[in-house]
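Colleague: I am new to this structure. Could you walk me through it, one question at a time?

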Amino acid sequence: FSRTFQSDISVKLLALSSLNHSGYVRQRAIEALAVTNHSQAIRFLIIRLSDWVKNVRDVAASSIRKYFIDEYREHFISELDNIDGLRNVGRVDLTTEYDAIINYILEKKLSAESYDAFAVTDKARLLYINKYVEKNGIDSQLIQILVSDRSFLIRIQVLKHLNVLKPSEQARLNLGLLNDKSSQVRLQTLYYLPENYIQYYDT
């Protein structure tokens, strides 16, 4: 495939081969995908991590680590839904593989610049943010990044972490969210307002 077809086509053919009924073919396809240095290979390497043949799983586990570099991080973020599925595989414990991928994704500190450059779905961004906050915590800088996100589901997440802000900062943030363009954000903000919200805004 690699000698006969252009890169994009050969990667797709190798990806299809990685789904073959023969374990030998799947293994050879994975080995080939590992050296293509193509982002489309990542999804199929993730799938083969849960292969029913141990040799295939082992090759997939070593192959996917070759993609643990900065230029592929966003592609892994795009696959977070499939990566989470590794925890539900019953035939084998994939905790080691799952943790290795998540640690690689989250090892880079999130900045406004890198976040704005993300070209992933809202769902993938939400999964990423939840995992990032779970591992690294949240601060006022990250809150400002999230409150500007285009997805109302991510802006709502900010409400869960208001306690890291000073009361005056909480008041300003809540006031902004009460004027959010999304009715869902406005409604959830009302639920999060303290009982003494009049005094709250006097601060």
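Colleague: Which residues of α9 are buried?
Modeller: This is a predicted model, where local features need pLDDT of at least 70, side-chain atom pairs count only at pLDDT 80 or more, and totals for chains, interfaces and linings use all residues. Residues are numbered from 1 along each chain as its sequence is written, and side-chain values use heavy atoms, with hydrogens and water left out. Buried means under 20% relative accessible area, exposed over 50%, partly exposed in between (1.4 Å probe, protein chains only). In α9 the buried residues are Ala-124, Arg-125, Leu-126, Leu-127, Tyr-128, Ile-129, Lys-131, Tyr-132 and Val-133.

Colleague: What do the buried residues of α9 pack against?
Modeller: Helices (H or I, at least four residues) and strands (E, at least two) are DSSP runs, numbered from the N terminus. Contact means heavy atoms within 4.5 Å. The partners of the buried α9 residues are α5 (73–78), α6 (80–84), α7 (95–106), α8 (112–116), α10 (140–147) and α11 (152–157).

Colleague: How far does α9 reach from its first C-alpha to its last?
Modeller: Helix α9 covers residues 122–136, which is 15 residues. The expected span of a helix is 1.5 Å times one less than its number of residues.

Colleague: Which residue follows α9?
Modeller: Its phi is positive, near 80°. The residue is Gly-137.

Colleague: What is the distance between the end C-alpha atoms of α2?
Modeller: Helix α2 holds 12 residues, 23–34. At 1.5 Å a residue they should span 16 Å. The ends agree with that, at 16 Å.

Colleague: Is α2 roughly parallel or roughly antiparallel to α4?
Modeller: Axes are lines fitted to C-alpha atoms, for helices over the stretch in contact, and angles run from 0 to 180 degrees between N-to-C directions. The axes of α2 and α4 come within 9 Å and cross at roughly 5°. Angles under 35 degrees count as roughly parallel, over 145 as roughly antiparallel, 65 to 115 as roughly perpendicular and the rest as oblique. So α2 and α4 are roughly parallel.

Colleague: How do the residues of the contact of α2 with α4 divide?
Modeller: From α2 come Gly-23, Arg-26, Gln-27, Ile-30, Glu-31 and Ala-34, and from α4 come Asn-55, Val-56, Val-59, Ala-60 and Ser-63. Ala, Val, Leu, Ile, Met, Phe, Trp, Tyr, Cys and Pro count as nonpolar, Asp, Glu, Lys and Arg as charged, and the others, Gly among them, as polar. The division is 5 nonpolar, 4 polar and 2 charged.

Colleague: Which residue has its backbone oxygen 2.7 Å from a polar atom of the side chain of Ser-63?
Modeller: Ser-63 sits in helix α4 (residues 54–64) and is buried, with a relative accessible area of 3%. Not counting residues up to four places away in sequence, Ser-63 touches Ile-30, Ala-34 and Leu-45. The backbone oxygen at 2.7 Å belongs to Val-59.

Colleague: Is Asn-37 buried or exposed?
Modeller: Asn-37 is in the loop between α2 and α3 (41–48). Phi of Asn-37 is near 55°, a positive value in a residue other than glycine. With a relative accessible area of 53%, Asn-37 is exposed.

Colleague: At what angle do α12 and α13 pack?
Modeller: These are residues 167–178 and 183–192, with axes 8 Å apart. Asn-174, Leu-177 and Leu-178 of α12 meet Val-185, Arg-186, Thr-189 and Leu-190 of α13. By class that contact has 4 nonpolar, 2 polar and 1 charged residues. The helices are oblique, and their angle is about 140°.

Colleague: Which residues does Ser-182 touch, not counting residues up to four places away in sequence?
Modeller: Ser-182 lies in the loop between α12 and α13. Ser-182 is buried, with a relative accessible area of 12%. A polar atom of its side chain is 3.2 Å from the backbone nitrogen of Gln-184. The residues touched by Ser-182 are Phe-152 and Arg-155.

Conventions. A polar contact is a pair of N or O atoms within 3.5 Å; within protein, one must be able to donate a hydrogen and the other to accept it, and residues adjacent in sequence count only if both atoms are side-chain atoms.
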